[in-house]
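Please look at the structure first.

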Amino acid sequence: MKNVIGRWFSIVGLLCLAFVSTAAQQKPIVLRGGKLLTVSHGVIEHGVLVMENGKITAVGAEGSTAIPKNARVVDLKGMTVYPGLIDSETNLGLTEISAEDMTNDLVELSEEIMPHMHVYDAFHAESELIPVTRLNGITNAIVAPESKDTLPGQDSFVQLSGKSANEMLMIRDIAMPLNFTGDQRRNQSREKRKYPSTRMGMAAQLRQAFLDAQDYQQHWADYEKKKNEAAAKTDDKDKKLPTQPKRDLKLEALLPYLAGQKPIILAAEEPSDLESAVNLAREFNLKFVLNHVSHSQPVLDYIAQLKVPVIVGPIYETPKPYERFDAVYSLPGELNKRGVKIAFASFDAHNARNLPYQAGFATAFGLPYDDALKAITLNAAEIWGVADKLGSLDVGKTANVVVATGDPLDVKTDVKQVFIGGQEIPMTSRQTRLRDQYSGQ
Amino acid sequence: MNRVPICVILLSLWTAAALAQSTNHNEIVIKNAIVMTVTHGTISNGSVYVKDGKIAAVGKDVSVPSGATVVDAGGKYLTPGLIDSHSHIALDDDVNEATSPITPQMMMIDAFDYQDKAIYRVLAGGVTTSLLLHGSANMIGGQAVVIKHKYGMNRDAMLFPGAPQSIKFASGENPKRVYGSRDQLPSTRMGNFEVQREALVSAQDYMREWDDYNAKVKRGDKDVTPPKRDLKLDALADVLRGKLLVQIHCYRADELLTEMAMAKEFGYKLRAFHHALEAYKVADQLAANGIGIATFSDWWGYKQEAWDAIPWNAVMCMRKGVRVAIKSDSDDFARRLNQEAGKTMRYGGATEDEALRMITLNAAWIIGVDDRVGSIDVGKDADLVIWDGYPLSSSAVPNKVFIEGDVYFDRSLPGFGMPHYREGE
């Protein structure tokens, strides 16, 4: 039996290898003459970038960078080349048409504490939204459930190309959102009101969930201890095994977060919510990244001293009536100035392609250009623990590379070619097909 | 920013406020600007002379009359004030009278909340004129109000004087959903159009009654009693008489065609289709009928009828001869119409003038005020924006916004950046 399984595994392994090798890039590709925005080490005006076996194998100035003999050389004079962009929160793959319920798998609303929901179980690799998004140079994204629950489930980190969901889901359960903005209250109407209908309720329910998980963990630890003790007994009579506790998927899902192995993505908008959420996270020693902080201008220094990254925005969030018109627009600049590591997110699916314009807009409100570009590339890669593979044009990284007519942060720039894992992505989507179909009219 | 003594700021605030509260007797020259006129190209190192709220001269050589205030634009871009041809701001929750599919007697001015801060936030994005429309729950909704974003002034000062009256129609999913979910008519597109046709037929009957009555009066018949006035039918009669600009919320190509056919059947004209995300499929027909569109740059997929939306729609329609405006339909997009217009340069290759026209002159045409605003031309209202950065980009933001020659927004000012408004006053 063991042998059969072993053989089966090796066949599967071979199949996987064959699959990967056909999917991977064959011949080295050289992008020559373009302006390289490396993100990690400045701008190379007339650069050369070599991609081989899905990785970047050389980055340098034209003339001083060797070009492999058998390579396909693409001339890119006048073009701009930059790393694939990373969107730090989307609902990609969980929605198709917003108003059509059957095309949405955004969030489970039956309960508020749903850490055992995994977006990878719903991720729709064939979504028409994915080609639309990557056509604008976005190659990677966090897929998160919608924020209507305090604990709506766990995020996955995806690559926006691949033959199947398995290929695209790079890191499953990479992080867990904890939403504390007030929108998670169940108080929409007097008739539908239920617990938790207040922020006190939200906090109490969260606290209870983490306590239950700690308790659950203790039960298992006790069980393991008793089991080991029993095993150590010499007399068979004393080897009575303890009863195994029942598995609870919900509480189990919370354990890696209680252990600080993975980050909680802590969403709050106003200062009071932010402080409540941070206090709660600290109570249970959770490792966390902040999310939104849209109306927290009065507590920027407090945020800075927490020394955690912030997924900022969307900066298009409408200011409160008492706030100046640019109170949210200027947030990335203000946080960056205080040394906070920021990343942008679209917090969207259909409009995820517009991620770079948020970064561009923030430059009009005090965010230096280089930091704006970093906030959709390298900073995001660092926050998500993938900076060894993504986020900059550096040797050894995955060849997620974008070729465009100019400044990646500007609305006028046209993206000409996207490479993901060194593969030329077809620059087509449902939208380009409709355009072409009706252009001859 | 240069440090200016606070008393000077206060004095200039007071002066500006005093001038604005009077009758636009201002005289200013904005010089040293890259003037994007919309109608006659871009003038580098240009000047604009404003007198009594109107543009009095534009060009490279504009003399500065003694007594005129000089505003040095510092080499920045100057555009006309932007125009949003589809907005629902400043209406609180009163956008839709969703209790009947035919409500042409609703007047948006009755819900206009002139103190809504959204007017300010949109002003800070360079918009000086907006068309505030009824929502899209009803096949025939209410009548719009056109405002100038003079935030801090009283209600009447914010109304666009003499702007023609627009009326909102809608079709497709929204009316279907609103009434269908209550088991009422309409719940299908057949129902939608039947309800609309029925209303127009009753307006024809009503008009005939009045015509008969008027004819009898004219003949000297003294015993005749006038028909009962009906506000709803009055409004529909105004549609049929061509007194109202008809603005139709409509997505699908087949519905664009049906609305055009119905207009022909009843003899009224359509001004513009709004959203019109499938207009690219029937652009020839729209152009032939002289109907404009007010569309999004790239919004899509939020409902079934927005599934075939493509970001090339605006430019594809424009190339077929359709007057195209980019509008907001959103408190958010309204604050950055310039970026949205910039996208048309990428999707389809609109020129700078063409892109800017979509958020100025073409939008003004849709509202029916293109003889008054929408370009930097002599005789037009001095609604102007000085920009930090190139306007049709991601990173541009208005530095100063003028309406009829007065500064209503100045980014360099503390607080809200408004000379005419301070919190708590």
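The dialogue below goes through the contact and then the sheets.

Q: What should I know before I start?
A: This is a predicted model, in which local features need pLDDT of at least 70, side-chain atom pairs count only at pLDDT 80 or more, and totals for chains, interfaces and linings use all residues. Residues are numbered from 1 along each chain as its sequence is written, chains are lettered from A and ligands numbered from 1 in the order in which they are written, and side-chain values use heavy atoms, with hydrogens and water left out.

Q: How many residues does the contact take from chain A and from chain B?
A: Contact means heavy atoms within 4.5 Å. Here chain A gives 46 residues and chain B gives 47 residues.

Q: What area is buried between chain A and chain B?
A: The size of an interface is often given as the accessible area lost when the parts come together. The loss is found with a 1.4 Å probe and summed over both parts. Between chain A and chain B, about 4000 Å² is buried, and carbon and sulfur atoms give 52% of that.

Q: How many salt bridges are there across the interface of chain A and chain B?
A: A salt bridge needs a side-chain nitrogen of Lys or Arg within 4 Å of a carboxyl oxygen of Asp or Glu. The rule finds two across this interface. One of them joins Arg430(A) to Asp308(B), at 2.8 Å from N to O.

Q: Which helices of chain A supply at least two residues each to the side that touches chain B?
A: Helices are DSSP runs of H or I with at least four residues, strands are runs of E with at least two, and both are numbered from the N terminus. In chain A they are H2 (129-134), H9 (355-362) and H12 (430-439). H12(A) gives the most, with seven residues.

Q: Now the sheets: what is the order of the open sheet of three strands in chain B?
A: Two strands pair if DSSP finds at least two bridges between them. The order is S6-S7-S9, with mixed pairing. S6 (82-87) and S9 (145-148) of chain B each have a single partner strand, so one side of each is left without a neighbour in the sheet. S7(B), residues 127-132, runs antiparallel to S9(B), with four bridges between them; Leu131(B) has Val146(B) as its bridge partner.

Q: Which strands are at the edges of the open sheet of six strands?
A: That sheet of chain B runs S8-S10-S11-S12-S13-S14, and its edge strands are S8 (140-143) and S14 (324-326). Inside this order, S12(B) and S13(B) pair in the parallel sense over three bridges, and His274(B) is partnered by Ala294(B) in S13(B).

Methods: Buried area = accessible area lost by both parts, 1.4 Å probe.
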